[in-house]
Amino acid sequence: MHFFVLKRKTLYFFGLIVFIAIIGSLWFSLKPDATPAIGGQNEQIREIHMVTGEFKSTKDDGKEIEAYRWDPGTIFVEKGEKVRLKILGVNGKEHPFIIEGTDIKGVVKKGEETVVPLQFDKEGTYRLICLTHPSGEHNGPMIAYIVVD
């Protein structure tokens, strides 16, 4: 017959480990400001940065031509994703805009940042159109594409 002998110090050590484990699990489960790892209360809002840009050139006859653009010209977002589009006005005095297929409109002014909250419920391609430069006749088209997957 075999006997297993534990010293008093060993029993105290194991008891302390069990006590710490119980207190730790209670603290984590009952902590009032605990946030679940998945589906937590703090939703991430992705930021996408965009700028207004201008291209200038001179034709062979000496006439200057210019075109305005959004940069980047295409952005990709997920359906239902919360996005904060931050547009910095670099070139051009101001660019009033709409996002086709939505009620979103605004103005980007030179030297200022315009913040546009976005969240699309339907997949598709939405056009961000500058109303000052909608076509080639108006130094455009200044159109960016928002692709929602």
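Predicted model: local features only at pLDDT ≥ 70, side-chain atom pairs only at ≥ 80, totals over all residues.
Q: How do E4 and E7 pair, and over how many bridges?
A: The pairing of E4 with E7 is antiparallel, with six bridges.

Q: What strand order does the sheet with E4 and E7 have?
A: The order is E2-E1-E4-E7, in an open sheet of four strands with mixed pairing. At the edges stand E2 and strand E7 (113-118); each has a single partner strand, so one side of each has no neighbour in the sheet. From one strand to the next, the twist averages 20°.

Q: Salt bridges next. How many in the whole structure?
A: A search of the whole structure gives five salt bridges.

Q: What does arginine 46 pair with?
A: Arginine 46 forms a salt bridge with glutamate 81, and the closest N and O atoms are 2.7 Å apart. The two residues lie in distant parts of the chain, 35 residues apart: arginine 46 belongs to strand E1 (residues 46-58), while glutamate 81 is in the loop between strand E3 (74-77) and strand E4 (83-88).

Q: Why does arginine 46 count as partly exposed?
A: Its relative accessible area is 34%, and partly exposed covers the range between under 20% for buried and over 50% for exposed. Glutamate 81 is partly exposed as well, with a relative accessible area of 21%.

Q: And lysine 86, what is its salt-bridge partner?
A: Glutamate 47, with 3.3 Å between the closest N and O atoms. Lysine 86 is in strand E4 and glutamate 47 in strand E1, so this pair ties together parts 39 residues apart in sequence.

Q: Is lysine 86 buried or exposed?
A: Lysine 86 is buried, because its relative accessible area is 16% and the cut-off for buried is under 20%.

Q: Which residues are linked in a network of salt bridges?
A: Glu47, Arg84 and Lys86 are linked in such a network.

Q: What about lysine 56, which side chain does it meet in a salt bridge?
A: Lysine 56 meets glutamate 54, at 4.0 Å from N to O. Lysine 56 is exposed, with 56% relative accessible area, whereas glutamate 54 is partly exposed, with 23%.

Q: Switching to the five-strand sheet. What is its order?
A: E3-E9-E8-E5-E6, an open sheet with mixed pairing. Its edge strands are E3 and strand E6 (105-109), each of which pairs on one side only. Neighbouring strands in this sheet are turned against each other by 25° on average, direction ignored.

Q: How many bridges join E3 to E9, and do they run parallel or antiparallel?
A: Four bridges join E3 to strand E9 (residues 143-148), and the two run parallel. Phenylalanine 76, for one, has valine 147 in E9 as its bridge partner.

Q: Where is histidine 133 found?
A: Histidine 133 is in the loop between strand E8 (124-130) and E9. Histidine 133 counts as buried, with 8% relative accessibility.

Q: What does histidine 133 touch, not counting residues up to four places away in sequence?
A: With those left out, histidine 133 touches Tyr68, His95, His138, Asn139, Gly140, Pro141 and Met142.

Q: How many aromatic pairs does a search of the whole structure find?
A: Three aromatic pairs. One of them is tryptophan 70 with phenylalanine 97, an edge-to-face pair at 6.2 Å centre to centre and 85° between the planes. This pair also links distant parts of the chain, 27 residues apart: tryptophan 70 is in strand E2 (residues 64-71) and phenylalanine 97 in strand E5 (residues 94-99).

Q: Are tryptophan 70 and phenylalanine 97 buried or exposed?
A: Both tryptophan 70 and phenylalanine 97 are buried.

Q: Last one, lysine 79. Where is its place?
A: Lysine 79 is in the loop between E3 and E4. At 49% relative accessibility, lysine 79 counts as partly exposed.

Q: Which residues does lysine 79 touch, not counting those up to four places away in sequence?
A: Lysine 79 touches Phe120, Asp121, Lys122, Glu123, Val148 and Asp149, on that count.

Q: What separates the C-alpha atoms of lysine 79 and lysine 9?
A: Their C-alpha atoms are separated by 60 Å, and lysine 79 and lysine 9 are 70 residues apart along the chain.

Technical notes: Residues numbered from 1 in each chain as written. Heavy atoms only, no water. Buried < 20%, exposed > 50% of the residue type's maximum accessible area, 1.4 Å probe, protein only. Pairing = 2+ DSSP bridges. Axes fitted to C-alpha atoms, helices over the stretch in contact; angles between N-to-C directions. Contact = heavy atoms within 4.5 Å. Phe/Tyr/Trp six-rings, centres within 6.5 Å; stacked < 30°, edge-to-face > 60°.
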